[in-house]
Amino acid sequence: MNDNVLIEVKNLKKSFGDHEVLKGISTTISKGEVIAIVGPSGCGKSTFLRSLNLLETPTSGMITFEGTDITDKSVDINKMREKIGMVFQQFNLFANMTVKQNIMLAPVKLHLMNKEDAEKKAMELLERIGLPDKADVYPAMLSGGQKQRIAIARSLAMNPDVMLFDEPTSALDPEMVGEVLSLMKQLAKDGMTMVVVTHEMGFAREVANRVMFINEGIIQEENTPQEFFQNPQNPRLKDFLARVL
């Protein structure tokens, strides 16, 4: 296996009852890559993304993360998840904790940092995402865009090797989308490996190294952003792009 390959997916399938959502997905994700996943609603994008850290347990197939098959029952998935950051549509911040406490919680709880180090890291991250003045406020006082940036910082506090984003801007008001996307652009520039399920075609075009079109449970097309958007091959992708662009 290539040293640069962070995640390798082989023939991944997932069914919910009789409904097969993923019908055999194979791909590799290398260090430093930014992959945008697009496609119609209900086509399996989020299920695929959530399988990468076993939030959805695959029905069959294999997912190797940093050389370890995480679908193997003997693997401590929580240990693996420490290295796989996840950012959801909904921000999932703890309402009864300040912003700083939200960011410190996991590293301290998992004994990865002591309180002082975690606090220092939290403040560094707040600086990085442009919200150092919000350290001691509660999530209820924040806008949606600020909450999502805090959720990203909370993920970064664990020093992940890859970040998974599940439609991170779709719950936001349009004027807040930009602030979250620009933070994600910054992360990409800093070399973070990212897999992003998104409706934001501009982001996919500008920031991704590779765009993946998932439809009907398979990858129907993947390519560089330029080829993907300017020269789509698959008729279903052409149709999809005609609707969203």
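1. In this predicted model, helix 3 passes helix 5 in a right-handed crossing. Helix 3 covers residues 99-109 and helix 5 covers residues 144-156. Their axes lie 8 Å apart, and the packing angle is about 30°. Angles under 35 degrees count as roughly parallel, and helix 3 and helix 5 are therefore roughly parallel to each other.

2. On the helix 3 side, the residues that meet helix 5 are Val99, Asn102 and Ile103. Helix 5 contributes Ile150, Ala153 and Arg154. Sorted by class, this contact has four nonpolar residues, one polar residue and one charged residue.

3. The remaining points concern backbone angles. Most residues other than glycine have a negative phi. Asn11 has a positive phi, near 45°, and is a residue other than glycine. Asn11 is located in strand 1, which spans residues 5-16. Its relative accessibility is 41%, so Asn11 counts as partly exposed.

4. Leu54 is not a glycine, yet its phi is positive, at about 60°. Leu54 sits in a loop, with helix 1 (45-51) and strand 4 (60-65) on either side of that loop. Is Leu54 buried or exposed? The cut-off for buried is under 20% relative accessible area; Leu54 has 16% and is therefore buried.

5. Asn11 belongs to a strand, and Leu54 to a loop.

Terms used:
Residues numbered from 1 in each chain as written. Predicted model: local features only at pLDDT ≥ 70, side-chain atom pairs only at ≥ 80, totals over all residues. Heavy atoms only, no water. Axes fitted to C-alpha atoms, helices over the stretch in contact; angles between N-to-C directions. Helix = DSSP H or I, 4+ residues; strand = E, 2+ residues; numbered from the N terminus. Parallel < 35°, antiparallel > 145°, perpendicular 65-115°, else oblique. Left-handed = near helix turned anticlockwise from the far one by under 90°. Contact = heavy atoms within 4.5 Å. Nonpolar A, V, L, I, M, F, W, Y, C, P; charged D, E, K, R; others polar. Buried < 20%, exposed > 50% of the residue type's maximum accessible area, 1.4 Å probe, protein only.
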